[in-house]
Amino acid sequence: MLKRYVDKRIRRLVPPGTRTRRPKKLMSLLVKYVSLTTIYFYFFKILILDPFTTKLLSSCCKMSDLMAEKITIVEDLFKKREPVLEMKAIYFMTPTPKCVEAFLGDFEKKPKYKAAYVYFTDYCPDDLFNKMKSRCGKFIRVFKEINISFLPQEAQVSSSSFRSIYSPHSQDKMSTLETLADQIVTLCATLDEYPGVRYKKESNMENAKTLAELVDDKLAKHYELDDSAKKKGKTQAQLLIVERGFDPVSPILHELSYQAMAYDLIDIQDDTFRYKLKDGSEKQALLTEDDMLWVKLRHKHIAEVSITISKLAQMMKKMPSFRKQLNEKTTHLQLAEECMQHFSNNVEKLCKAEQDLAVGSDADGAKVKDSMRTLLPVLLHPYSTYDKIRAVLLYIFSVNGTTDENLNKLIQHVKIEDEREFILNWKELGVPIITSSSFFSRKPTRRDRSQEEKYNLSRWTPVIKDVMEDAVENKLDTKEWPHLSESPAAWNGSGAVSARQKHKPSAQDERRTGSRLIIFVIGGITYSEMRCAYEVTQAVKSCEVIVGSSHILTPTSLLDDIKALSKTSMESFTIEERSTA
């Protein structure tokens with residue numbers, strides 16, 4: 001008889017102490033769990049994945065990790081496959097009608113495998129479960145639902161769409177928010193957290209409130225379902241939900257930390273950096289957490305990265321025994337060099353104007369009295385169209401909206417008369433573009449960081465970092481950040497310090513047992529905001545900060561998404577297609 005096993009969800013897979021490098025650890029445990037809970041007639045195993053679970057596994061482990069668990073064949077659920085009747089197959093897939101129909105097709109007429117061990121990323125709706133039970137239940141040996149329907153991009157970053165939520169023509173906004181809510185719940189379950197839920201209140205946008213209500217309701221139902229004998233109480237964690245429009249500046253600025261700069265200026269696709277060596281040969285490298293030098297350098301300022309890479313190269317050249325290792329570091333020698341070339345050519349001059357507009361003062365602390373005077377040199381210089389659009393947007397953000405007449409002049413300067421959606425469509429995110437007497441947007445009060453700055457061209461701090469530090473210190477205004485549900489005890493901010501202060505990691509940090517702060521940004525998150533989570537976690541011993549979003553942004557991708565909001569044809573958001581970074 002086919003039974004549904006709703007485990008303690010993923011919690012059995014995450015024993016204490018597995019918080020560092022979580023994605024790889026989590027998937028390793030998942031694979032071993034599959035191995036330990038199933039009995040196979042043959043030594044080797046077949047693993048069948050859908051597009052989403054393929055991305056999920058790829059983000060966390062290599063084929064060698066699967067082979068270590070005797071999984072030697074990995075197949076695509078939706079592609080034609082040869083039957084292997086003597087073997088049993090593991091199905092790891094999302095609980096969607098499309099996946100279930102593909103699964104049923106493997107067994108209804110001519111079975112492809114001896115038996116199936118089915119693992120869903122999330123709760124399987126009753127209608128799909130009953131369909132599988134009635135039509136091919138005799139082939140299913142294991143049916144388990146595992147809460148892991150999110151993509152772990154990095155150790156403290158998870159991602160899971162933009163157009164479906166913000167387009168005025170969207171017809172599936174609510175279903176998209178439902179999907180995001182499900183993914184947030186699975187993240188919380190993976191972390192074994194039942195957090196208090198808060199959202200950023202906006203006068204002209206309701207998405208954060210709606211998503212927060214969905215998450216709070218689904219969390220309550222999840223933990224009731226998970227353990228009916230004893231209802232799980234709230235843990236000492238907070239979940240904050242905000243919209244992309246709460247900080248439009250950070251995704252537009254030229255950021256000078258290594259990771260953000262590389263993804264902004266270099267053509268990096270699917271985390272793959274392609275480059276040519278001096279001999280003309282082409283190479284490619286994955287920028288993932290398996291690259292320890294990348295992990296060490298990615299959040300550092302490009303100036304520090306250049307010095308580190310230069311010293312490393314010189315040291316290795318002087319020591320013949322390190323020449324082989326020098327070849328392994330070529331990736332970052334090349335990537336850092338390309339970043340610096342862009343910086344020297346255009347970005348350095350752009351950054352001064354951008355920082356003055358974003359911060360509202362120059363490097364000496366003098367207030368910018370005329371933002372247009374700061375913008376004009378950028379418009380008159382032959383920068384790229386995208387760079388000029390970014391500068392115009394920063395000007396508009398700095399003055400909290402402009403007039404129709406002034407905006408038309410700016411659009412003519414940039415020569416985007418037929419593409420003004422790049423600018424106008426920001427209104428769909430609740431960001432004021434045209435000044436209106438009926439709408440007043442108050443700029444958030446910023447923390448004083450005048451003693452923290454180190455680089456004149458990197459004075460801007462993402463607003464989300466203020467939110468993180470205020471939340472840890474229990475200073476968030478309840479009017480601006482209403483509670484839908486509260487944690488059992490308020491944080492007192494013990495151990496909280498400025499995230500710019502130096503803090504040496506210790507074994508205690510590796511075994512962090514304090515509270516967790518989870519922040520989800522609707523509409524995408526930037527690499528600079530991801531960096532903030534690491535900085536605050538490193539500085540504040542009492543709390544681990546985890547950030548998540550629907551996807552990871554680059555300035556170019558965001559501008560393209562903003563422009564596309566005007567298109568009338570809408571694709572439905574699907575977890576397979578739209579939940580990746």
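**Salt bridges**

I looked up the salt bridges in this predicted model, taking as a salt bridge a side-chain nitrogen of Lys or Arg within 4 Å of a carboxyl oxygen of Asp or Glu, and I found that the structure holds 32 of them. I noted that residues are numbered from 1 along each chain as its sequence is written, and that side-chain values use heavy atoms, with hydrogens and water left out. I also kept in mind that local features need pLDDT of at least 70 and side-chain atom pairs count only at pLDDT 80 or more, while totals for chains, interfaces and linings use all residues.

I began with Glu 101 and Lys 131, whose side chains meet in a salt bridge at 3.1 Å, N to O. Glu 101 lies in helix H4 (residues 97-105) and Lys 131 in helix H5 (residues 126-136), so this pair ties together parts that are 30 residues apart in sequence. Helices here are DSSP runs of H or I with at least four residues, and strands are runs of E with at least two, numbered from the N terminus. I then checked exposure, where buried means under 20% relative accessible area, exposed over 50%, and partly exposed in between (1.4 Å probe, protein chains only). Glu 101 is partly exposed at 36%, and Lys 131 is partly exposed at 28%.

Next I turned to Lys 218 and Asp 182, which form a salt bridge at 3.0 Å, N to O. This pair links distant parts of the chain, with Lys 218 in helix H8 (residues 207-226) and Asp 182 in helix H7 (residues 173-190), 36 residues apart. Asp 182 is partly exposed, at 28% relative accessibility.

For Glu 535 and Arg 531, I found a salt bridge of 3.0 Å, N to O, with both residues in helix H20 (residues 527-539), four residues apart, about one turn of the helix. Is Arg 531 buried or exposed? I noted Arg 531 as buried, with a relative accessible area of 8%.

I also recorded a network of salt bridges whose members include Arg 446, Glu 452, Asp 470 and Lys 475.

**Two packed helices**

I looked at helix H14 (residues 371-380) and helix H15 (residues 385-398), which pack at an angle of about 175 degrees with their axes 10 Å apart; the axes are lines fitted to C-alpha atoms, for helices over the stretch in contact, and angles run from 0 to 180 degrees between N-to-C directions. That makes H14 roughly antiparallel to H15, a label given to angles over 145 degrees.

How values were computed: Angles under 35 degrees count as roughly parallel, over 145 as roughly antiparallel, 65 to 115 as roughly perpendicular and the rest as oblique.
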